[in-house]
Amino acid sequence: MARISFRPGPGYRVVEFNRQNLPAEKQPKKDLPPGDDQGQKNIREIMKELDQLVGLQGVKKLVGEIHAFVEIQRRRQKEKLATEPQVLHMIFKGNPGTGKTTVARIIGRLFKEMGVLPKGHLVEVERADLVGEYIGHTAQKTREQIKKALGGIMFIDEAYSLARGGEKDFGREAIDALVKGMEDHKDNLILILAGYRHEMEWFVETNPGLRSRFPIHITFPDYTTGELLAIADLMLQKRQYRLSAGARDELRLILEETRLNHIHSGNARLVRNLIEQAIRQQAVRLVRRGHVSREELMTITREDMLQARQSNPSNR
Ligand SMILES: Nc1ncnc2c1ncn2[C@@H]1O[C@H](COP(=O)(O)OP(=O)(O)O)[C@@H](O)[C@H]1O
Ligand SMILES: [Mg+2]
């Protein structure tokens, strides 16, 4: 509890008050429940962050709808109107590097501010974190992960790998433990199953019990080359670097080529790796020189980008 006290000196009496003594209009705002001004402000900021992600129009629209729906349900509940049960478990379909984890993190924070989840953190797991080596081990491992995720979101990458091993595989045990966890912690845990689109669709079809439990499906399309370049600019801007015109042409070429080869196409993670690699190549290029201008310190050249491509393991 906030408490302010004045140090007692000679002739002084200790003056102590805490905010329980304050009149209502002077109460600090920050501990008010969600739905208050601060909460609304935080929500606006999170939505702005979502909006600033490049592309993802469909994803943004859907998150906007979920936000509106949850908010109105909350207000209806206050007015004692009938409310839909809020099942907010989700399926994210899309290739690697299309923004699934990034969006899941934002949704967690959004739900926290909206009062849907007490913590809103994200625990990202994959098959190896859930499946054990002997009977009973899997349920135990899965329960441990659920415990970590309580109050937030459990994000399971390549979720279908739990169902791939056939009837005797321990993956099934993990699915059962997850379903039980979802039921035991209805108001305290949201699950997001993520992975490649076709595999996710197969997974949901072959596990009818999951279909009704995961009503929200979001598809993450591959980024276009233009979007990937915009993502590169954004990442560089944050680090106070920029691409020279030549570096930009080179990056465009690399992206178009990987698209033709169908490897990592539309993948923002590839862009991040290339950018980070190019930044290191620029450092190597400049480090031995005596004077380097501010401009040069900020600029990634075509040469840096070429070097970056060569040192990128996925391009060899
Ligand atoms: N729309 C976007 N705008 C800006 N950066 C993005 C965008 N999508 C993804 N990124 C960045 O690309 C990287 C990979 O994204 P991530 O969310 O991990 O993809 P996924 O989970 O689908 O594999 C992260 O560094 C992320 O910040
Ligand atoms: Mg991810």
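## Two loop residues with positive phi

In this predicted model, the loop between α9 and β8 (242–243) contains Gln-240. Although Gln-240 is not a glycine, its phi is positive, at about 60 degrees. Most residues other than glycine have a negative phi. Gln-240 is exposed, because 8 other C-beta atoms lie within 10 Å, and a residue with 12 or fewer is classed in this way.

Lys-80 also has a positive phi, near 60 degrees, and is likewise a residue other than glycine. The loop that holds Lys-80 runs between α2 (57–78) and β3 (90–94). Lys-80 has 7 C-beta neighbours inside 10 Å and therefore counts as exposed.

## Nonpolar cores

The largest nonpolar core comprises 46 residues, and Phe-92, Met-154, Leu-191, Ile-192 and Leu-193 have the most contacts inside it. The element that gives the most to this core is α3, with seven residues. Apart from this core lies another, of 18 residues, including Tyr-223, Ile-254, Leu-255 and Ala-308.

When neighbours within four places in sequence are left aside, Leu-191 is in contact with His-89, Met-154, Ile-156, Leu-178 and Met-182.

Terms used. Residues numbered from 1 in each chain as written. Chains lettered and ligands numbered in written order. Predicted model: local features only at pLDDT ≥ 70, side-chain atom pairs only at ≥ 80, totals over all residues. Core = buried A, V, L, I, M, F, W, Y, C linked by C-beta atoms within 7 Å. Buried ≥ 20, exposed ≤ 12 C-beta atoms within 10 Å, placed from the backbone. Helix = DSSP H or I, 4+ residues; strand = E, 2+ residues; numbered from the N terminus. Contact = placed C-beta atoms within 7 Å.
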